[in-house]
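The sequence and structure come first.

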2 protein chains.
Amino acid sequence: MIKLYHFELSGNCHKVRLMLSLLGVEHEQILLDFATKEHKSSKYMKLNPFGQLPILVDGDIVVRDSHAILIYLAQRYGNENWLPTDAQSTSKVMQWLFTAANYIRQGPEFARLYHLFQIPLDVELATEKAAEVLKVFDEHLSDRQWLELNRPTIADVACFPYIALAPDGKISLDTYPNVIAWVERIKQLPGYIGMPGL
Amino acid sequence: MIKLYHFELSGNCHKVRLMLSLLGVEHEQILLDFATKEHKSSKYMKLNPFGQLPILVDGDIVVRDSHAILIYLAQRYGNENWLPTDAQSTSKVMQWLFTAANYIRQGPEFARLYHLFQIPLDVELATEKAAEVLKVFDEHLSDRQWLELNRPTIADVACFPYIALAPDGKISLDTYPNVIAWVERIKQLPGYIGMPGL
């Protein structure tokens, strides 16, 4: 059976939990202890030398990085619904995975790390970047329901947690009505699951 | 004809130039002026609302983000050589694209931004992260020639520029012999092109 090694409060881990649930893929979740740095022990460093979670193990396949895992799950278990196969559509979806890994990470994700976990970070810069990202999202979502392809894809799943969790980082979504509507739309998907803060 | 909007000194733009050259794909390069913020003008903000380069335009297809562009070019013009299609091999390659977007960006890429362009950043943290990344790369490359699949893929292209440019950020590669050998291997690929600093 697929094993997912994860933290409860990580939005990156939640992306993967959410994807597994949306796909209805049976799996086992193994919760690691962040406080004791269990994920930095040799057992897990062998699975991911960068010492981070989530890690997915599917038979003899090991995948590290939440976004690489989303791609893997969509390709392996998603029947092209969540990630298309043609170059044009794929590129549309992929752009948002890197938006999540880059702008969303340095914006709302970092602001949340600062406020919720007291990680020393330039919170002013993170808050500024969060506003930039949310503005782009709100405009992009002004004339569509989903980020790309008129249907939910891994683009939505990748971007969802840290945008929906923005209030944890003292960033209000109130002035981004299209973002709020999109968050609510995702919450209505069959198989949707939440996490603390959502 | 394919159009690439880029900066001369950006490693992210160089990834795309290198990929186009390795694939032998005919294209037109349009150099924008970073100093006058040409990329933030409405013409380019329409192509990429995040206001960054590179941007690739191929007919009516617009792709933003260097890594999404690598995926697009490999899928569209690469005959599976640079990006396989099965889920397991794809996941192996994709992991490194997110390594580039995440650890390499916050390590050697940020250190270079600080030292070369005087961008205000926590250079101590960037230098520390660069050392972590380079250690993982050197160990990973101790028993292989390429990052995955025993052949050059977009994983190598994605990670190459900012690792090879690490000395621009006052990070020496001298203690990472396997990384140096890998950098040299990439420089020997048919179609390889350099950039200032390489």
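In this predicted model, A:R105 and A:E109 are both buried. Their side chains form a salt bridge, with an N to O distance of 2.6 Å. The two residues lie four positions apart in helix α4 (residues 87-117) of chain A, so about one helical turn separates A:R105 from A:E109.

**Salt bridges**

Over all chains, the structure holds 10 salt bridges.

| Residue pair | N to O distance |
|---|---|
| A:R105 and A:E109 | 2.6 Å |
| A:D143 and A:R144 | 3.3 Å |
| B:R112 and B:D168 | 3.0 Å |

The side chains of B:R112 and B:D168 are joined by a salt bridge at 3.0 Å, N to O. B:R112 has 2% relative accessibility and so counts as buried. B:D168 is partly exposed because its relative accessible area is 21%, and the buried class ends at under 20%.

**Domains of chain A**

Chain A is split into domain 1 (2-77) and domain 2 (87-187). The centres of the two domains, taken over C-alpha atoms, are 21 Å apart. Domain 1 of chain A brings 13 residues to the contact and domain 2 of chain A brings 15 residues.

About 1100 Å² is buried between domain 1 and domain 2 of chain A, with carbon and sulfur atoms giving 77% of that area. On the domain 1 side, A:L9, A:K15 and A:H67 lose the most area to domain 2 of chain A, and together they make up 37% of what that side buries.

Between these two domains of chain A there are zero salt bridges, but five residue pairs are in polar contact across the interface (both at pLDDT 80 or more). Helices α1 (11-23) and α3 (66-77) of chain A each supply at least two residues of the domain 1 side. The most come from α1(A), which gives seven residues. By type, the residues of the domain 1 side that touches domain 2 of chain A are seven nonpolar, five polar and one charged.

**Chain A against chain B**

How many residues does each chain bring to the contact between chain A and chain B? The contact takes 36 residues of chain A and 36 residues of chain B. The two chains bury about 3100 Å² between them, and 63% of it lies on carbon and sulfur atoms.

Zero salt bridges are counted between chain A and chain B. Polar contacts are present, with 10 residue pairs across the interface (both at pLDDT 80 or more). On the chain A side, β4 (61-64), α3, α4 and α5 (123-140) each contribute at least two residues. Helix α4(A) gives the most, with 16 residues. The residues of chain A that touch chain B divide into 19 nonpolar, 11 polar and six charged.

How values were computed: Residues are numbered from 1 along each chain as its sequence is written. Chains are lettered from A and ligands numbered from 1 in the order in which they are written. This is a predicted model: local features need pLDDT of at least 70, side-chain atom pairs count only at pLDDT 80 or more; totals for chains, interfaces and linings use all residues. Side-chain values use heavy atoms; hydrogens and water are left out. Domain bounds come from an automatic or database domain assignment. Contact means heavy atoms within 4.5 Å. Buried area is the accessible area (1.4 Å probe) that two parts lose on being put together, summed over both. A salt bridge is a side-chain nitrogen of Lys or Arg within 4 Å of a carboxyl oxygen of Asp or Glu. A polar contact is a pair of N or O atoms within 3.5 Å; within protein, one must be able to donate a hydrogen and the other to accept it, and residues adjacent in sequence count only if both atoms are side-chain atoms. Ala, Val, Leu, Ile, Met, Phe, Trp, Tyr, Cys and Pro count as nonpolar, Asp, Glu, Lys and Arg as charged, and the others, Gly among them, as polar. Buried means under 20% relative accessible area, exposed over 50%, partly exposed in between (1.4 Å probe, protein chains only).
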